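Q: Could you pick one part of this structure and go through it closely with me? I'd like to follow it from its own residues out to its surroundings.

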Amino acid sequence: MAKAKTSRKKSIVTDESLAFLKKYINNASPTGFESGGQKLWLNYIKPFVDTHITDPYGSAAGIINADSPFKVVIEAHADEISWFVNYITPDGLIYLKRNGGVDHQVAPGKRVIIHGRKGPVKAVFGWPAIHTRMGNPESKEPSPRVDNLFLDCGARSKKEVEATGIHIGAVATYEDGFEELSYGYYIGRAMDNRIGGFMIAEVARLLKENKKKLPYGLYVVNAVQEEIGLRGAEMMARRIKPNIAIITDVTHDTTTPMVNKIIEGDVACGKGPSLAYGPAVHNKLIDIVEATAAKQKIPVQMRTVSRSTGTDTDSFAYANDGCPSVLISIPLRYMHTPVEMLHKDDIENTIKLMYETLLTLSPKTNLSYF
Ligand SMILES: [Zn+2]
């Protein structure tokens, strides 16, 4: 019998790389405490690059052609939103501060891991039972706020809490790890932006496996501390002083309920990476990316940002004497909740778009407005 012809394209992401993605997401990497995740990432990317650098706060970069004076960056951020232990009550409950824009509305009833001095400690976000909330028909339902949310780790005194290794300043992350849903969707906490770290590493893997020679130095940057103000990227932009920067991060799928397309634009999971127009995004560079997408038949979705992109693009664009930068985002549902959801096809197409864009660039690429 003749072998059936398959029209399915070979996927870029291999079983091996998917196994890395799972491990990378299931490992917590809270803002300010990213080194564990960075070590995993460096181990994964090392075979695909010539060398690597790290900086004092934990940002890392894999480098190809380190001696080249013309430098191109592809970048993602390594950190994830989390909670800080801020106050421990005499009866052993734990109040928190936000570390990044973690969502208080989804916290009640969630399981967390508190990263204490003696290792991980399990705890839960306690919340009054529906029975006790509804007991008095006159009383209003409480809504979760940072000052009424608390963690219960089972300890019944401050002393018992501290005996587990939990301390003021310990961070807590949700337990929710990587899962696959039907129809090509993945979910997990911290897809923002571990998916970015994964995709830039995959670009490096493709360059290596396809034996591509670049006429410039490529810096594959995984920067810390994005969620609290794009700080790691700032440091790395100053350190590397790149000539061009291509940033990847997540952006909102705006097709789910209660999101206003009039304000947020029209972007959907499964329809390709999103390119943003905005002052920090270099017009000639975005033209190159868009033309590359058209040539390679990669679907893209356009959107605009007001003032700043709110991503590491801003840090690279405005660093040093100005660095032409562009943002290639992957659409994602339910950002900053523990069930961040995205589509396989978008992962493939975002990797492909970054890869093909890199192959079109050279030190002679003219990005001058004049
Ligand atoms: Zn984020």
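A: Happy to! A residue is called buried here if 20 or more other C-beta atoms lie within 10 Å of its own, exposed if 12 or fewer, and partly exposed in between, with C-beta atoms placed from the backbone. This is a predicted model, in which local features need pLDDT of at least 70 and side-chain atom pairs count only at pLDDT 80 or more, while totals for chains, interfaces and linings use all residues. Residues are numbered from 1 along each chain as its sequence is written.

Let's take strand β13 (244–252) and one of its neighbours, helix α8 (residues 283–295). Helices (H or I, at least four residues) and strands (E, at least two) are DSSP runs, numbered from the N terminus. β13 is mostly covered, with eight of its nine residues buried.

Strands flank β13, and two count as paired if DSSP finds at least two bridges between them. With β3 (residues 71–77), β13 pairs in the parallel sense over four bridges, and here Val73 stands opposite Ala245. With β16, β13 also pairs in the parallel sense, over eight bridges; Thr248 stands opposite Ile328 in this case.

Now for the helix. Leu285, Ile286, Val289, Thr292 and Ala293 of α8 are buried. Seen down the axis, the buried residues of α8 fall within an arc of 120° (taken from the directions from the helix axis to the C-beta atoms), so they line one face of the helix. On the other side, Asn283, Asp287, Ala291, Ala294 and Lys295 are exposed. The buried residues of α8 pack against β13, β14 (274–277), β16 (325–332) and α10 (344–360). After α8 comes Lys297, with a positive phi near 55°.

Leaving out residues up to four places away in sequence, Val73 touches Tyr219, Val221, Ile240, Pro242, Ala245, Ile246 and Phe316, where contact means C-beta atoms, placed from the backbone, within 7 Å. Val73 is also among the residues with the most contacts inside the largest nonpolar core, which has 74 residues. Such a core is a set of buried Ala, Val, Leu, Ile, Met, Phe, Trp, Tyr and Cys residues joined through C-beta atoms within 7 Å. Helix α5 (residues 191–209) gives this core its largest share, nine residues.

Notes. Expected span 1.5 Å × (residues − 1). Contact = placed C-beta atoms within 7 Å.
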